[in-house]
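Here's a model to look over together. Let's go through what its labels stand on.

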Amino acid sequence: FVHGALCISYSGQCLMSSLIGGRSGNRGTCAQCCRQPYEIYCNNVKISDEKYLLSTKDLNTLDKIGELIELGIDSFKIEGRMKRPEYVFLVVSLYRKAIDSYLKYKKIEISENDINDLKKIFNRKFTNGFLFNSLNNDIVNKFRPNHLGVEIGKVYSVKGNNVFIKLIDELHVNDGIRFLSNDYGMTIQNIYLNKNKVKQASKNDLICIKCSELPAVNSSVVKTSDYLQLKNIQENITKRMRKIDVSMDIQIKLNNKII
């Protein structure tokens with residue numbers, strides 16, 4: 001198992017979901033109780049204001065794949081339960097790239113852009129887990145239990161329902177963003193640059209968007225979905241899709257009668 005969501009318990013032997021949520025994680029119906037908020041007390045005194053005390057970061061071993069190959073492992077598992085096809089395509093493609101580059105050059109050729117793409121498609125922050133001497137590393141993301149996205153700017157000012165954002169990365173119409181100050185997410189419908197409506201904006205631009213739930217000034221803005229990234233992946237999936245002829249016999253029963 002080299003990438004994806006981690007169980008806080010021993011995977012395949014967790015009773016938490018069954019006992020708390022009434023759904024057995026060992027039978028494939030985990031209720032993800034560990035992704036819920038909790039409070040921790042000592043002698044009836046609350047000792048932490050952090051909420052997601054059991055929610056793990058995502059496993060990511062791209063930079064360690066060579067070590068795993070050298071150990072003689074020839075089958076890698078990538079977690080993709082309930083993930084969108086674009087996520088599965090991108091993650092598998094990057095691990096294919098890492099494996100091929102190591103087998104050919106004895107080094108992992110994964111770029112910073114590759115890692116950024118990985119973060120954009122889905123991340124809860126990354127960890128190597130416990131396999132690579134990470135016992136003392138924090139594997140829990142106590143900030144939030146779902147997609148963090150990547151930071152693309154900060155709120156510069158708020159005037160009425162106009163939110164001005166100073167960008168540190170590009171932004172396009174149809175991208176998804178989230179303001180961290182009020183945890184409000186939205187899909188970008190319109191972007192205004194120097195009072196002109198544009199379809200995209202670049203790093204260092206000061207843009208304006210309309211927003212119904214206003215964030216705080218200086219709040220971080222993260223991109224949670226990248227329209228162009230998803231479009232490109234969808235096109236690649238279509239190009240690589242294989243259709244295979246199959247033959248089968250089908251029986252349909254209605255009121256215990258075969259029709």
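Q: How do you know that N43 is exposed or buried?
A: N43 is exposed, because its relative accessible area is 71%. The label exposed takes over 50%, buried takes under 20%, and partly exposed is in between (1.4 Å probe, protein chains only).

Q: What kind of model is this, and how are residues numbered?
A: It's a predicted model, with residues numbered from 1 along each chain as its sequence is written. Local features need pLDDT of at least 70, side-chain atom pairs count only at pLDDT 80 or more, totals for chains, interfaces and linings use all residues, and side-chain values use heavy atoms, with hydrogens and water left out.

Q: What makes the phi of N43 worth a look?
A: N43 isn't a glycine, yet its phi is positive, about 55 degrees. Most residues other than glycine have a negative phi. N43 sits in the loop between strand 2 (41-42) and strand 3 (45-46); strands are DSSP runs of E, at least two residues, and helices are runs of H or I, at least four, both numbered from the N terminus.

Q: Where is K106, and why is it called exposed?
A: K106 lies in the loop between helix 3 and helix 4. It counts as exposed because its relative accessibility is 55%. K106 also has a positive phi, about 65 degrees, although it is not a glycine.

Q: How does the length of helix 3 compare with the expected span?
A: Helix 3 has 21 residues and reaches 30 Å from its first C-alpha to its last, close to the 30 Å expected. The expected span is 1.5 Å times one less than the number of residues.

Q: Which residues of helix 3 are buried, and what do they pack against?
A: The buried ones include F89, L90, L94 and Y102. The buried residues of helix 3 pack against strand 1 (3-4), strand 4 (58-60), helix 2 (65-70), helix 4 (112-121) and helix 5.

Q: What is the orientation of helix 3 relative to helix 5, and how do you know?
A: Their axes come within 10 Å and cross at roughly 80 degrees. Axes here are lines fitted to C-alpha atoms, for helices over the stretch in contact, with angles from 0 to 180 degrees between N-to-C directions.

Q: Which residues of helix 3 meet helix 5?
A: P85, E86, F89 and L90 do, and their partners in helix 5 include L230, I233 and R240. Contact means heavy atoms within 4.5 Å.

Q: How do helix 4 and helix 5 cross?
A: Their axes come within 11 Å and cross at roughly 100 degrees. So helix 4 is roughly perpendicular to helix 5 too. D117, K120 and I121 of helix 4 touch Q229, L230 and I233 of helix 5.

Q: Why are strand 10 and strand 12 called edges?
A: Eight strands form an open, antiparallel sheet in the order 10-9-15-6-7-14-11-12. Strand 10 (184-187) and strand 12 (196-198) each have a single partner strand, so one side of each lacks a neighbour in the sheet. Two strands pair if DSSP finds at least two bridges between them.

Definitions and conventions
Angles under 35 degrees count as roughly parallel, over 145 as roughly antiparallel, 65 to 115 as roughly perpendicular and the rest as oblique.
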